[in-house]
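This briefing covers charges, loops and contacts in the structure shown below. Please read it with the sequence and the coordinates at hand.

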Amino acid sequence: SPKKPYNTPTLVEYGDIA
Amino acid sequence: MRLRVAENVVSRDLADESVLLNLDTGTYFGLDAVGTRLWHLLAEHGSPESAIETLLTEYDVDAPRLQKDVDTLIDQLIDKKLLTTDAARTPSSR
């Protein structure tokens, strides 16, 4: 079954919600 | 090692990606598509090993690379207080 293309999982910190 | 979403952390899916907000620190984060899938698997099962098995069936990636990437992302999620580990706990302590 076809597999989805893989990209290195990334966590981005956007900053302070305030 | 068992993982769980930290208290006071909320998440919302945004198409294939997601936004995470730590209400304790007031900081918000973004996860890409693969990261979001991993987040859901960890939230559901708490097991990195189980998550890796599932991701290997879904994505075109070899096991060593995935293992390394998952370990790195989990370290980041714990460091940012988005995930906590139950490693020190026992079921009877509840």
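Helices (H or I, at least four residues) and strands (E, at least two) are DSSP runs, numbered from the N terminus. The model is predicted: local features need pLDDT of at least 70, side-chain atom pairs count only at pLDDT 80 or more, and totals for chains, interfaces and linings use all residues. Residues are numbered from 1 along each chain as its sequence is written, chains are lettered from A and ligands numbered from 1 in the order in which they are written, and side-chain values use heavy atoms, with hydrogens and water left out.

**Negative patch**

- Patches are made of residues with over 30% relative accessible area and no salt bridge, where like charges are joined within 9 Å and nonpolar side chains (Val, Leu, Ile, Met, Phe, Trp, Tyr) within 5 Å.
- Accessible areas come from the Shrake-Rupley method with a 1.4 Å probe, and for residues only the protein chains shown count as cover.
- Lys and Arg count as positive and Asp and Glu as negative, while His and the chain ends are not counted; a charge is placed at NZ of Lys, CZ of Arg, CG of Asp or CD of Glu.
- B:E49, B:E53, B:D71, B:D75 and B:D79 form a negative surface patch.
- At least two residues of the negative patch come from each of α2 (48-58) and α3 (63-79) of chain B.
- Which helix gives the most to the negative patch? It is α3(B), with 3 residues.
- B:E53 belongs to helix α2 of chain B and is exposed, at a relative accessible area of 57%; buried means under 20% relative accessible area, exposed over 50%, and partly exposed in between (1.4 Å probe, protein chains only).

**Salt bridges**

- A salt bridge is a side-chain nitrogen of Lys or Arg within 4 Å of a carboxyl oxygen of Asp or Glu.
- Side chains of opposite charge can pair when their charged atoms come close.
- Over all chains, the structure holds 3 salt bridges.
- One of them joins the side chains of B:K80 and A:E13 at 2.9 Å, N to O. This pair crosses between chains, from the loop between α3 and β5 of chain B, where B:K80 lies, to strand β1 (residues 11-16) of chain A, which holds A:E13.
- B:K80 is partly exposed, with a relative accessible area of 31%, and A:E13 is partly exposed at 43%.
- The side chains of B:E58 and B:R37 meet in a salt bridge at 2.8 Å, N to O. The pair links distant parts of the chain, with B:E58 in helix α2 and B:R37 in helix α1 of chain B, 21 residues apart.
- B:E58 is buried, with a relative accessible area of 18%, whereas B:R37 is partly exposed at 26%.
- B:R65 and B:D69 form a salt bridge whose closest N and O atoms are 3.6 Å apart. Both residues lie in helix α3 of chain B, 4 residues apart, about one turn of the helix.
- Is B:D69 buried or exposed? At 8% relative accessibility B:D69 is buried, while B:R65 is partly exposed at 38%.

**Positive phi**

- Most residues other than glycine have a negative phi, and most peptide bonds are trans.
- B:A15 has a positive phi near 60 degrees. B:A15 sits in the loop between β2 (9-14) and β3 of chain B and is exposed, with a relative accessible area of 78%.
- B:K81 also has a positive phi near 60 degrees. B:K81 is in the loop between α3 and β5 (83-85) of chain B and is exposed at 53%.

- Contact means heavy atoms within 4.5 Å.
- B:Y28 lies in strand β4 of chain B and is partly exposed, with a relative accessible area of 27%.
- Not counting residues up to four places away in sequence, B:Y28 touches residues including A:V12, A:E13, A:Y14, B:V19 and B:L20.
- B:Y28 and B:L82 are 54 residues apart along the chain, and their C-alpha atoms are separated by 9.9 Å.
- B:G26 lies in the loop between β3 (17-22) and β4 (27-31) of chain B and is buried, with a relative accessible area of 13%.
- Leaving aside neighbours within four places in sequence, B:G26 is in contact with A:G15, A:D16, A:I17 and B:L21.
- B:G26 and B:Y59 are 33 residues apart in sequence and 33 Å apart in space, C-alpha to C-alpha.
- B:S47 is in the loop between α1 (33-45) and α2 of chain B and is buried, with a relative accessible area of 12%.
- Not counting residues up to four places away in sequence, B:S47 touches B:R2 and B:L42.
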